[in-house]
Amino acid sequence: MDEENNNNKIETKAADSSSGSYVPPADNIPASEIPEQELYHAKSFWTRWVFCQDAKVIGVQYALTATAVGLIGLILSWGMRLQLGFPETFSFLGPATYYQSVTMHGMIMVVYLLTALFLGGFGNYLIPLMVGARDMVFPYVNMVSFWMFLVAVLVLISSFFVPGGPTGAGWTLYPPQAIMPGTPGSEMGIVLMLISLSLFVIGFTMGGLNYVITILQARTRGMTLMRMPLTIWGIFTATVLALLAFPALFVACIMMTLDNLLGTSFFMPEIFTMGEQLGTSGGSPILFQHLFWFFGHPEVYIVALPAFGIVSDLISVHARKNIFGYRMMVWAIVIIGALSFVVWAHHMYVSGMNPYFGFFFATTTLIIAVPTAIKVYNWVLTLWRGNIHLTIPMLFSLGFIVTFVNGGITGLFLGNVIIDIPLSDTYFVVAHFHMVMGIAPLMVIFGAIYHWFPLISGRHLNQTLGKIHFWISFVGAYAIYFPMHYLGFIGVPRRYYEMYDSPYMTTGVGLNQFITVAALIVGFTQILFLYNIIHSAFYGEKSEKNPWKANSLEWHTPEMPPEHGNFGKELPVVYRWPYDFSVPGIDREYIPQHVAPSEVPTAKVEKT
Amino acid sequence: MSEIDTSKLPQGGKGFVHDFAADQTTFKGVPWGKAMMWIFLLSDTFIFSCFLISLMTARASTTVEWPYPSEVFGLTMFGVEVPLLLIAIMTFVLITSSGTMALAVKYGYEKNRKMCAWLILATAIGGLTFVGMQAFEWSKLIFHDGVRPWGNPFGAEQFGAFFFMITGFHGTHVSIGVIFLFIFARKTFRGDFDTGRRGYFTSMKSDYKAIEILGLYWHFVDLVWVFIFAFFYLW
């Protein structure tokens, strides 16, 4: 069928082309059907760097803001670890502050760091460049998206300074306890958290619509969906998930805000507090959990899918081999995305919902293992007999594969109802989700930063510091989270402020101290990484063009770093997928996407 | 650049495959803004679905009887109890405004500037009337019947909470639409879509396609109202 279509296309287009000069039939690509995009050219410092409409600058703004707020999340985790490891030495963290740290650490890391960094940061920077567009389709809306995100972050941070402090309800914010007296931050903190999340959703929607439409409607000539780098597929699918999952969070936030401020009973049952009955009745706390996890589970994949995509590109480029099973990879991303909407209640096995639900949701959950396993096999098969360069992006990619398999396998345990029930709310769960959606995506983020830093700044990051960063982060992550699995097995509950000499801890006391020390070391290594970024941005070794010899369009702009409008006068025309590495039959080692077939007549062209 | 002739593309299932296998655009001949509005509306559908599903859950699970809508939303006209009278008028006005919007889009594409502008203005006034009647309904429920978000004399307290939240959220959508309709009416009267005058905020040119995009939003808001009407007033 492909054969037939191609022939048809070539014939019709050959008739259409009236430019006069001879074009070999194989090089024929349909004429542009998208009008040339008109861009807003900034003239002043403010419109160029601050209120900027260039997706690349917006991407960097997103990334810097997310990193800044992520640092707060990191520091909060140090406080928690000191308390857990050495409760008698470091007693500055009271129980209330501990819960507030847990909550803010979780919410910051999941939503404000990972989501914003992957979609807002990498999405903005890479989408227009990789699909061959001059910018996002609506740069103005894109700019507003970032400023909404910044306001959301500021509202979140401001909750540290209000009476009662930020909310301490746990990142899941379950009512009724989240808004009842006794929970830290039940006065102002929870309201600010809910408002901040709502603003985040609104801001993200503006950006997300841009990402989706840029990918669907603004690709360059020759760029079919099946010629897009997997990075774009991952970001695209994750954005679609976000656009469909965030509404549930938004609705839950509105309803809980009303419960808190107006005294409605959406989630509040008849309930007594301090010996007095609250005026609420008939609400359903389970409803909140359903809404929250209808957002919360796709959220896991909103973070994971861009990581899947980016790591596929990193592995392919740094192993000098085409990605194994490209189409399978694309379909796996799409299927994982679709399935992620029908598994949410596996977070609620112990919530008291109808027990038959557990059966259904365990089944759908375990089905996700199939496309996920396909992806892991394909990564490994891409490496198989590849020309593996142990560059830092490759190291992080390998770290990702191992970590992801680890975290994924514990997911199979937790997805089963009977195994989940005894492990529920123990450190096993903490270890699982940190491995699978904390460390694994972070490995990809680090790898991606080392990979694309030359493109963004024109300079390389320091390689020695990078290797130190990788090895300490990678080994350290295992030092932190492997013991936590064991703590979970012996029944140590999560979210407990102090269990130094509780009966659970008889065999685990030393472990907690070990974890704390490891966490501090890993944490400080990230400071080293930040130093590397700042230092290298100004004094790093200058990078030549396309230092990794990659094929995708972002490396083939006339200027590096790319300028406003990305591609100079003419948009590139794409003839092939971005994975033509080590193609047999020719003398060059890689063929960029915009190289016409007539330039490499002896190369076997991959059909995509 | 050559504008794509969508009539020459393959149709049906083959066309679907062709469009998704094609380069540049997936939705052939669809302007960026229009595609964006559709995706936004899909996302917004999920918001309203979450609201309405929550409402259904609450109705199915409250321990106290749910109020009988025909009584709560009845109006007494000339001594006769007419159930759902105001809602019927509101619905009629809103659906009619959808009709005028559709006509405005038609005249917009025919470059009939005056007619288009008047019809947008009519749509805006229809929307404003709807919001006004909703304000009347709210004030009647609040001041006359004593319905509050945290309780009401008719039955389950979730009734008031969901009513104010969902109709309020929908009313906000209508109000935003009305604001944009007035802006667009002014822009059309001034001829912005003919002269390509640049937008105040975005400094980008715009044409009559923008009216169709606004129309999509307006029809969506009306469609959502039909569901709210069914779930709140008829159920």
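1. A:Pro176 sits in the loop between helix H5 (139-158) and H6 of chain A. Start there. The peptide bond from A:Pro175 to A:Pro176 is cis. Its omega is near 0°. Bear in mind that this is a predicted model.

2. A:Pro561 belongs to the segment after H16 of chain A.

3. Stay in that segment for A:Asn546. This residue is placed after H16 of chain A. Is A:Asn546 buried or partly exposed? A:Asn546 has 18 C-beta neighbours inside 10 Å, so it counts as partly exposed.

4. Now turn to A:Asn566. It too lies in the segment after H16 of chain A. Phi of A:Asn566 is near 65°, a positive value in a residue other than glycine. A:Asn566 has 23 other C-beta atoms within 10 Å. The cut-off for buried is 20 or more, so A:Asn566 is buried.

5. Next, a helix pair. Helix H3 (residues 55-85) and helix H16 (residues 509-539), both of chain A, have axes that come within 8 Å. The axes cross at roughly 160°. Angles over 145 degrees count as roughly antiparallel, and H3(A) and H16(A) are therefore roughly antiparallel to each other. Their crossing is left-handed.

6. Which residues of H3(A) and H16(A) make the contact? H3(A) gives A:Leu74, A:Ser77, A:Trp78, A:Arg81, A:Leu82, A:Leu84 and A:Gly85. H16(A) gives A:Asn512, A:Gln513, A:Ile515, A:Thr516, A:Ala519, A:Leu520, A:Gly523 and A:Gln526. By class, the contact of H3(A) with H16(A) has 7 nonpolar residues, 7 polar and 1 charged.

7. Last, the contact between chains. Chain A puts in 45 residues and chain B puts in 41 residues. On the side of chain A that touches chain B, the elements giving two or more residues are helix H6 (189-217), helix H7 (230-261) and helix H8 (285-318). Which of these elements gives the largest share? H7(A) does, with 9 residues.

8. What classes make up the side of chain A that touches chain B? Its residues divide into 28 nonpolar, 12 polar and 5 charged.

Methods: Residues numbered from 1 in each chain as written. Chains lettered and ligands numbered in written order. Predicted model: local features only at pLDDT ≥ 70, side-chain atom pairs only at ≥ 80, totals over all residues. Axes fitted to C-alpha atoms, helices over the stretch in contact; angles between N-to-C directions. Helix = DSSP H or I, 4+ residues; strand = E, 2+ residues; numbered from the N terminus. Parallel < 35°, antiparallel > 145°, perpendicular 65-115°, else oblique. Left-handed = near helix turned anticlockwise from the far one by under 90°. Contact = placed C-beta atoms within 7 Å. Nonpolar A, V, L, I, M, F, W, Y, C, P; charged D, E, K, R; others polar. Buried ≥ 20, exposed ≤ 12 C-beta atoms within 10 Å, placed from the backbone.
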